[in-house]
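Here is a short report on one protein model.

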Amino acid sequence: MLRFVPAANSPDGISYQAVPVRADTQNQFTLRFDHHINSRQNFSFYYYFTNDADFEPFYNFQASGANIPGFGANVGSRYQQFNPSHTWTITNSLINEFRFTYMREGQLTFQHPQSTNAVQSSCVSPAAQAVCFNGVSDSNSGPASIQGVFGTSPQYGITTGLPASRTGVPFINVSGGFAIGNGWEGELPQVGNSFMWTDSLTWVKSNHTMKFGADIRRSRFDQTLYYNVSGQFNFNSTTENSVLYNDNYPGYLLGLDDSYTQGSAQRENVRNTGVYLFAQDSWKIKPSLTLNYGLRWELDTPLADALHHVQTFRPGQNSAVYPCVLTPTEQASLGGTDCASAGVQPTGLVVPGDTGVPAGLTQTYYKAFAPRIGLAYSPNSKTTFRGGWGLFYNPMEQLVLEQFGAEPPFGGSTYVPATFLNTPFISQAGNLSPNPFNGILSPKPGTSQDWASFRPMLLYGDFQPHMRTQYSAQYNFNIERELARNVVLQLGYVGSQGHRLLASHDINAANPQTCLDIIALANNDPSSVSSYGSAGSCGPFLEDNQFTVTLPASNGALLPNGFHLPSGGTIQAAGQTLNFVGLRPYSSPNCNPLTGGPGNGCPADGVPVFTNIFAEDTIAASAYNSFQASLEKRFSHGLQLQAAYTFSKSLDWASSFEETVNPFDYKASRALSLFNSAQRFVVNYYWDIPVRRYSGLKGKVLDDWSMSGIIQFQSGFPIRIQTQDDNELISSLFFLGAGAPQLNGPLQIVDPKVIQTYNTFNYGPVAGHYYLNADQSKFTDPTLGTFATTPRSVCCGPGQNQWDVTFSKRIALSEAKYFQFRADIFNLFNKTQFDNPDGNFSNSTFGQVLQARDPREVQFALKFYF
């Protein structure tokens, strides 16, 4: 696999730099037709078409791709919009407008890998091909080797059940180093169709202008998700596979990964309906005072898959749509005749059609009323005061439901720690995990399922039963003053409060105190704790292991408050022996630690039923406050100018559903929003360059030149800080997790243009272009079993200083026909604009700037207008 890793080409001798080429071809056209039916009725039709073929040299969908060239993605898009409308002037004071809009978004090629192949064809040399993810281990010397113990089987390797055109090189991430392979988020060919019917009636009566209307929308979104189908290996030296704590490459070279995950492919036909009713009035109380008020009612049905290929989690409930059944082999190996006694019943996992589970997995919310009010007052012709307040609802985006696809029983979703590169379903501890991956699974409702084969199940995006529509209260007040002719100044306050915002949280995070209790017992008496039949203990990333724990005769100093159970309760020590298969509340739902065992509710093979269960719920909140000022010079004397300044602060619990909040205290995740920029100053201008008029060829060359541009100065965005070292002992890894390193003292920012070396906590001395002082005196792992006091985001990354300018020339051929020549220069002064540094404490590049924004770019264009 090292053939995919390029050799170092930078002066430091250890890094690689390249500027790969992106290709983009786009064609578009529009059509408009207007018809005057009679003196009171008009009809209009608008059509829009665009076709785009885009090649991205890096797969950047949700930041899940390789960081070296060779694993880009192709996106082919075709967008169409049909928009007929009818306007009817019923009377001079009564007007009706009807509009129908049909939009089609076709992306049958969306994030398709640059290169594809069968996973087993990823290796080239004959020696590598013999053990290339095909279930044959290269550990084959003697009866104690992997081959000697397990033999060979394709089920030990990577199986997909998919054509080679949809698979490729598995994603391999060496933390802080290279990442190769096809992007693990996968490709998503999709077609979306949206239909919208809008009708509004405007009635002018006296000094009131009233408007009433309805808006009905129907969305149909059909897609096939190929999520992580080729598998993903992570090497971060965090498990028993760690070779050197401060170097992740030896683990990779020896094929000792710290975790392996794999997903499946599945189809989804997402449906959603929206109904919106509104009434509003603009009341001109007197010439200088206008009051606007209104009320909207909004209904957004939950996103639903017409194929019912989604699932959710309801504690204590078993699925009747897909009952659990054991194969004869499983009955013998697990010691039970039914799933509950064998400990593999996925209690809690249910699907649409099960009792209390609608097609949309959650309730339909009918109380989304949105009142709004605004006031405008002009005491004189040069001054105006404006203010307003309103509630605004925001439906969930379709991408949220996309997470639910291809999960059991509609596909595998597996997380296995400390495995082997060649045989990722065999762990270092000698455990064999089931391999459920075999193409697109579409079981018919009512058919029994071999749920045991999906273990351990990693579930994403499970809708909770009582979700609400997201909404925000928005308010503003501003003063507008005309300073001179064509010059207007505005000063204002703008704020908002977000409520019931969507956030992700792990409802099956491991109980840190259970792990700490096991550590205390094992340190005191190693014989009191065993794991898979050998002496063991707990620790980071061991929370999904099997443990047999013998408690002392009494609590004593070791367990002053008793032994903490994964479910949250405690038990007083009295010499009992406890059996755990996983330390999460729902690891093995039918395994009672006191009475359970193999054949009595606990899986005999030590493989838990569930690992993480990431739920989506409307539990978060946000707050935004800002001072805004603008100065505008309207176009006159050949010059137009506008300057705007914003001073703001935005706080939230999560800036997108791809961030998880603290699973035990949601509000503890409140910090600066990832999009917050404290200060922003923007100037845009247009200037007709004053050149004396010439005639003939000289005039064609020298006349009609103009200059325009945008100047931006902006504070940096907050830096998202996280750690994947699992010192919190919850084993909960998401796109952006809840754990953070401990910041000791104030944050220290350094010059990224200078190569510096810091003695880091995880990796020792590391050189790089640091933006943060990453010395171990500044950042450490939190105390075992606790969360750091560091907020999830710290302020702030590098700011922006961007000057863009355009020179244009109009070359007239006639009054209606002319050419326009443009020269656009972006980043005029070629100033280095750094991106945010790496905020992942588990990476060796933590605190370093790894990317910069675009350098100076110049483009020329020639357009013909007729």
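## Helix α7 and its cover

The cover over the buried residues of α7 includes β22 (529–531), β24 (546–550) and β25 (563–564). Buried means under 20% relative accessible area, exposed over 50%, and partly exposed in between (1.4 Å probe, protein chains only). Cover is counted by contact, that is, heavy atoms within 4.5 Å. Helices (H or I, at least four residues) and strands (E, at least two) are DSSP runs, numbered from the N terminus.

This is a predicted model: local features need pLDDT of at least 70, side-chain atom pairs count only at pLDDT 80 or more, and totals for chains, interfaces and linings use all residues. Residues are numbered from 1 along each chain as its sequence is written, and side-chain values use heavy atoms, leaving out hydrogens and water.

## Inside and at the end of α7

The buried residues of α7 are Pro-512, Thr-514, Cys-515, Asp-517, Ile-518, Ile-519, Leu-521 and Ala-522. At the N-terminal end, Asn-511 caps α7. A side-chain oxygen of Asn-511 lies 3.0 Å from the backbone nitrogen of Gln-513.

## Leu-502 in β21

Leu-502 belongs to strand β21 (residues 487–506). Leu-502 counts as buried because its relative accessibility is 9%. Beyond its neighbours within four places in sequence, Leu-502 touches Met-396, Val-400, Met-467, Gln-470, Glu-616, Asp-617, Thr-618 and Phe-657. Ser-77 is 425 residues away along the chain, and the two C-alpha atoms are separated by 29 Å.

## Val-691 in its loop

Val-691 sits in the loop between β31 (679–688) and α8 (696–702). Its relative accessibility is 34%, so Val-691 counts as partly exposed.

Notes
A polar contact is a pair of N or O atoms within 3.5 Å; within protein, one must be able to donate a hydrogen and the other to accept it, and residues adjacent in sequence count only if both atoms are side-chain atoms.
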